[in-house]
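Welcome, and thanks for taking a look at this one with us.

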Protein chains: 2
Amino acid sequence: MPERKSKNITRVEHRVSIEDREQRNRHKGAVLWFTGLSGAGKSTLAIALEEALFQRGFQVYVLDGDNVRAGLNSDLGFSHEDRTENIRRVGEVAALFARAGVICISAFISPYREDRAIARRAAGDKFFEVYIDADVATCERRDPKGLYKKARAGEIADFTGISAPYEIPEKPDIVIDTSRQTIGSSVNALIDFVMARLRPTDAESPHSN
Amino acid sequence: MPERKSKNITRVEHRVSIEDREQRNRHKGAVLWFTGLSGAGKSTLAIALEEALFQRGFQVYVLDGDNVRAGLNSDLGFSHEDRTENIRRVGEVAALFARAGVICISAFISPYREDRAIARRAAGDKFFEVYIDADVATCERRDPKGLYKKARAGEIADFTGISAPYEIPEKPDIVIDTSRQTIGSSVNALIDFVMARLRPTDAESPHSN
């Protein structure tokens, strides 16, 4: 953890606790941290899951390149250092959403284990690593954005899976293999995961004791 | 606006609109941007307003030095440049919360007009500037954190109101004068503001047309 630079910050205790929020929303706040290669299906699944959870009454929000790279992280490029800072900031923002009681789905390649570990530390036990698994050959065949083609042609430097490493999650909380599963069954697996882990059952609720 | 450094970002359309979120939450997403001197009452009012709005069923979350300086902005100090970056990032994060349908109350001195203008641009018409107004003499008399004393003793450099400027909002959306109003009546004024501006009346709801 970097040492915090600012001093003279006095804590004023917040009066709405995370438990208050979770009780009212009837689900836990969490970070669902999607990681995987470009083309693995992170954004597609994140957005489909957001819609499905919203329809089921959840507070849910997707962080992705679309709403982060143009704003919060508009000062960052794709050097290793900037990628690390990109992921660090997203991890912190996702943790804020989780503490606000929201299920925050982040969809970034986030190829480095250490960067993902930093994001996990920011959110603590509210963090769930979701490995969107598809091998390079599959992703390159899909190439929905034409990026693999550009990377092969040398037009994009440090492209994950081609000219930069992707470090496979060692202990992901869930793996979604999009080379074998349809989008529909992938989303259903994610909904099941959320229902099991983030929606307290009656047995867990404070009233049943 | 700084030019965005990242390229090769393809937009995947989100399927839950802000209108969907607002309709379900029964209030608008917004940024309530509290600005004012140290000791003016920003944190106290932010936290009291958060509690009051939560109790009324709102989705609401406070961003302040407590949850931002230790995490997202732990790499930033108090130089003019770092303060500007601090406020820029908070503005972007607050805008994300607003787009997620949440009323985000930010409580930072944010002494510079240009910095606040950048935060406003991030959230667009969801941004409301809330000037927590108390003069330096009043704040110095309160000095809840002992910071004015330290600043007068030269132990804190660039202290807003003493050795660094505070640029008074020119067109705040609401002014709360905490040197004349109690905390209770200040919070009530803020609740009234939220109810009037962020809670759609029947006349505005889509069903009444």
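The predictor gives the complex an ipTM of 0.92 and a pTM of 0.92. Chain B superposes on chain A through a rotation of 180 degrees, with 0.0 Å of shift along the axis and an RMSD of 0.0 Å. The two copies are thus related as by a two-fold rotation axis.

**Symmetry of the two copies**

- In chain B, B:Val93 has the C-alpha nearest the axis, at 3.5 Å from it.
- Both copies use the same surface, as 100% of the contact residues of chain B recur in chain A.

**Where the chains meet: H4(A) and H4(B)**

- Helix H4 of chain A and helix H4 of chain B each cover residues 80-99, and their axes come within 11 Å.
- These axes cross at roughly 50 degrees, and H4(A) and H4(B) are therefore oblique to each other.
- The crossing of H4(A) with H4(B) is right-handed.
- On the chain A side, the residues that meet H4(B) are A:Glu85, A:Arg88, A:Arg89, A:Val93, A:Leu96 and A:Phe97.
- Their partners in H4(B) are B:Glu85, B:Arg88, B:Arg89, B:Val93, B:Leu96 and B:Phe97.
- Sorted by class, this contact holds six nonpolar and six charged residues, with no polar ones.

**Within chain A: H4(A) and H5(A)**

- H4(A) also packs inside its own chain: its axis and that of helix H5 (residues 113-123) come within 8 Å.
- The angle here is roughly 25 degrees; under the 35 degree cut-off, H4(A) and H5(A) are therefore roughly parallel to each other.
- The crossing of H4(A) and H5(A) is right-handed.
- H4(A) contributes A:Arg83, A:Thr84, A:Ile87, A:Arg88, A:Gly91, A:Glu92, A:Ala95 and A:Arg99 to the contact.
- H5(A) answers with A:Asp115, A:Ile118, A:Ala119, A:Ala122 and A:Ala123.
- The contact of H4(A) with H5(A) has six nonpolar, two polar and five charged residues.

**Within chain A: H2(A) and H8(A)**

- The axes of helix H2 (residues 42-55) and helix H8 (residues 183-198) of chain A come within 10 Å and cross at roughly 55 degrees.
- That angle makes H2(A) oblique to H8(A).
- This crossing of H2(A) and H8(A) is right-handed.
- From H2(A), the contact takes in A:Thr44, A:Leu45, A:Ala48, A:Leu49, A:Ala52 and A:Leu53.
- From H8(A) come A:Ile183, A:Ser186, A:Val187, A:Leu190, A:Ile191 and A:Val194.
- Ten of the residues in the contact of H2(A) with H8(A) are nonpolar and two are polar, with no charged ones.

**Confidence**

- Chain A has a mean pLDDT of 91, and 90% of its residues reach 70 or more.
- Residues 205-209 of chain A stay under 50 in pLDDT.
- For residues 205-209 of chain A, the model has three contacts beyond four places in sequence.
- Where pLDDT is low, the predicted coordinates should not be read in detail.

Note on methods
Residues numbered from 1 in each chain as written. Chains lettered and ligands numbered in written order. Predicted model: local features only at pLDDT ≥ 70, side-chain atom pairs only at ≥ 80, totals over all residues. Heavy atoms only, no water. Axes fitted to C-alpha atoms, helices over the stretch in contact; angles between N-to-C directions. Helix = DSSP H or I, 4+ residues; strand = E, 2+ residues; numbered from the N terminus. Parallel < 35°, antiparallel > 145°, perpendicular 65-115°, else oblique. Left-handed = near helix turned anticlockwise from the far one by under 90°. Contact = heavy atoms within 4.5 Å. Nonpolar A, V, L, I, M, F, W, Y, C, P; charged D, E, K, R; others polar. Least-squares fit on C-alpha atoms with pLDDT ≥ 70 in both. pLDDT = per-residue confidence, 0-100.
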